[in-house]
Amino acid sequence: MNSLGGIRSWPANWRSTTASMTTTESVRKVPQVLTVAGSDSGAGAGIQADLKVCAARGVYCASVITAVTAQNTRGVQSVHLLPPEFISEQLKSVLSDFEFDVVKTGMLPSTEIVEVLLQNLSDFPVRALVVDPVMVSTSGHVLAGSSILSIFRERLLPIADIITPNVKEASALLDGFRIETVAEMRSAAKSLHEMGPRFVLVKGGDLPDSSDSVDVYFDGKEFHELRSPRIATRNTHGTGCTLASCIAAELAKGSSMLSAVKVAKRFVDNALDYSKDIVIGSGMQGPFDHFFGLKKDPQSSRCSIFNPDDLFLYAVTDSRMNKKWNRSIVDALKAAIEGGATIIQLREKEAETREFLEEAKACIDICRSHGVSLLINDRIDIALACDADGVHVGQSDMPVDLVRSLLGPDKIIGVSCKTPEQAHQAWKDGADYIGSGGVFPTNTKANNRTIGLDGLKEVCEASKLPVVAIGGIGISNAGSVMQIDAPNLKGVAVVSALFDQDCVLTQAKKLHKTLKESKRGI
């Protein structure tokens, strides 16, 4: 199965039955996921969890049921496998009708069922396959026998885009390889990758003697350790299903694999934290609330997921400059966006909180109408109050991991970094991008140490995150910044070059043109 990096084409006639009913202009593509898994009568895991998490992430999810279980918060009492022929009928029914972006598999309890799935995926190709190799429930009940290990290794894993085993499942797939440390998780991820999947995520929730929840992600070249504080709660039923389904949902929306994995881990962490004290059922392992986001922020209207390319022309507002040129923040913002600004940071150092909040709300409306993300500089309270798309913080501000816990999994978080060490820490703490500089001297920040182009390149080379350069950048030197030969340098952030000018619109157009020409010349 070829996907994400080289997406498999849909069958030539897949849209023929609907072409006469719609036009290209009238169609709004809805991200769609198909889950192929078992039913959980307690609704905490399996098909039920998959449907809930996809709904919570704004993705349509259809289902094919492989088995029906009798289970509750006390455990699994019984499992009834559905006939392979009927599972095939379910698959044919939905695959021949819907436009699935991603198929996610959960409980596949027999070799015959795996064969049926493989045949139908061959007949109806999809863009990506997420395999959660469910074998044993957290309560210890065996959900898939050892007989299917060989077909998993030889037939299913080689066509998977990502597999998401926990340490027990990874051990089973590797003939009992012991996994008790992060180093052994890395070795397991590498060995599993050699079986064919494009990406591997080994989940460390069951890792003994670990104060953190550590997952190891491997893309065939690099390892990434995704860490978060372990949450003390009995309500952990369905975490594996939820993580895999969230990855599938984010892929269906267009995220890169690593971004999808990071969002999924944040989603699970936030759901666990929000639900840690709820009581459902009388057993030792309860479910958690997949719809916590609706209760925390029912009016959220975020424009889109974070795209690193949005850092291309990053406009940072300055109220003093707007006063100098006698224009409102809204007018300045609108002109910058119309001139080509791709993301906005609202920076306000002088206004009172109430005034800043009113400005932010007005700016949010402008940005949303243009599909441009708006970040708030430093002020987490303002970002929460106006439902901004995210925040940008400095080294002396609130730590990124704490910011993430307050804002949740969906918001964009940027952090200022001058050194490779700071860039590495930003990645570990869960930032989405870093702003590096000042590259050149600037009047907007007093006593701001410059790092120059060499320092910028050093930070870029050390960073696993996309980078935007900032500090003294304008039309005269933006080209030299973009030509430092760093693939993760995505753009430049400007203040004076835009807002300390007679015409913001004209300057934004000139800057955008300069950056495009520089990018073509690389």
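**Buried charges, salt bridges and surface patches**

Asp387 is buried, with a relative accessible area of 11%. Buried here denotes under 20% relative accessible area, exposed over 50%, and partly exposed the range in between (1.4 Å probe, protein chains only). The model is predicted: local features need pLDDT of at least 70, side-chain atom pairs count only at pLDDT 80 or more, and totals for chains, interfaces and linings use all residues. Residues are numbered from 1 along each chain as its sequence is written, and side-chain values use heavy atoms, without hydrogens and water.

Asp387 is found in the loop between α14 (380–386) and β13. Helices (H or I, at least four residues) and strands (E, at least two) are DSSP runs, numbered from the N terminus. Asp387 has a positive phi of about 60 degrees, although it is not a glycine. Most residues other than glycine have a negative phi, and most peptide bonds are trans. Asp387 also forms a salt bridge with Arg368, the closest N and O atoms being 3.8 Å apart. A salt bridge is a side-chain nitrogen of Lys or Arg within 4 Å of a carboxyl oxygen of Asp or Glu. Arg368 lies in helix α13 (residues 353–370), so the pair ties together parts that are 19 residues apart in sequence. At 18% relative accessibility, Arg368 counts as buried. Salt bridges that share partners join Arg368, Asp387, Asp389 and Lys411 into one network.

The salt-bridge count comes to 24. Among these pairs, Lys203 and Asp132 meet through their side chains at 3.5 Å, N to O. Lys203 lies in strand β7 (residues 199–203) and Asp132 in strand β5 (residues 128–134), so the bridge links parts that are 71 residues apart in sequence. Lys203 is buried, with a relative accessible area of 9%. Asp132 is buried too, at 2%. Another salt bridge joins Asp432 and Arg266, with the closest N and O atoms 3.4 Å apart. Asp432 sits in the loop between α16 (420–429) and β15, and Arg266 in helix α9 (residues 257–274), so this pair connects parts that are 166 residues apart in sequence. Both Asp432 and Arg266 are buried.

Asp40, in strand β1 (residues 32–40), is buried yet has no salt bridge. The nearest side chain of opposite charge, Lys52, is 7.7 Å away. For charge, Lys and Arg count as positive and Asp and Glu as negative; His and the chain ends are not counted. Asp40 does have polar partners. A polar contact of 3.0 Å joins the side chains of Asp40 and His237. Such a contact is a pair of N or O atoms within 3.5 Å; within protein, one must be able to donate a hydrogen and the other to accept it, and residues adjacent in sequence count only if both atoms are side-chain atoms. The backbone nitrogen of Ala45 lies 2.8 Å from a polar atom of the Asp40 side chain. Asp215 shows a backbone contact as well: a polar atom of its side chain lies 3.0 Å from the backbone nitrogen of Gly204. Asp215 belongs to strand β8 (residues 212–218) and is buried, with a relative accessible area of 5%.

Helix α12 (residues 329–339) has Ile329, Ala332, Leu333, Ala335, Ala336, Ile337 and Gly339 as its buried residues. Gly339 and Val504 are 165 residues apart in sequence and 7.7 Å apart in space, C-alpha to C-alpha. Val504 is in helix α20 (residues 504–521) and is buried, at 4% relative accessible area. Just after α12, Gly340 takes a positive phi of about 125 degrees. The peptide bond from Gly437 to Gly438 is cis, with omega near 0 degrees. Gly438 lies in the loop between β15 (433–437) and α17.

Two surface patches follow. Patches are made of residues with over 30% relative accessible area and no salt bridge: like charges are joined within 9 Å, nonpolar side chains (Val, Leu, Ile, Met, Phe, Trp, Tyr) within 5 Å. The place of a charge is taken as NZ of Lys, CZ of Arg, CG of Asp or CD of Glu. Glu421, Asp454, Glu458, Glu461 and Asp485 form a negative patch. Helix α17 (residues 452–462) gives the most to this patch, with 3 residues. Glu461 lies in α17 and is exposed, with a relative accessible area of 59%. Asp485 is exposed, at 57%, and lies in the loop between α18 (478–482) and β17 (489–494). Phi of Asp485 is near 65 degrees, a positive value in a residue other than glycine.

The nonpolar patch consists of Leu384, Met398, Leu402 and Leu406, with about 320 Å² of accessible area together. Areas come from the Shrake-Rupley method with a 1.4 Å probe; for residues, only the protein chains shown count as cover. Met398 lies in the loop between β13 (390–393) and α15 (400–407) and is partly exposed, at 30%.
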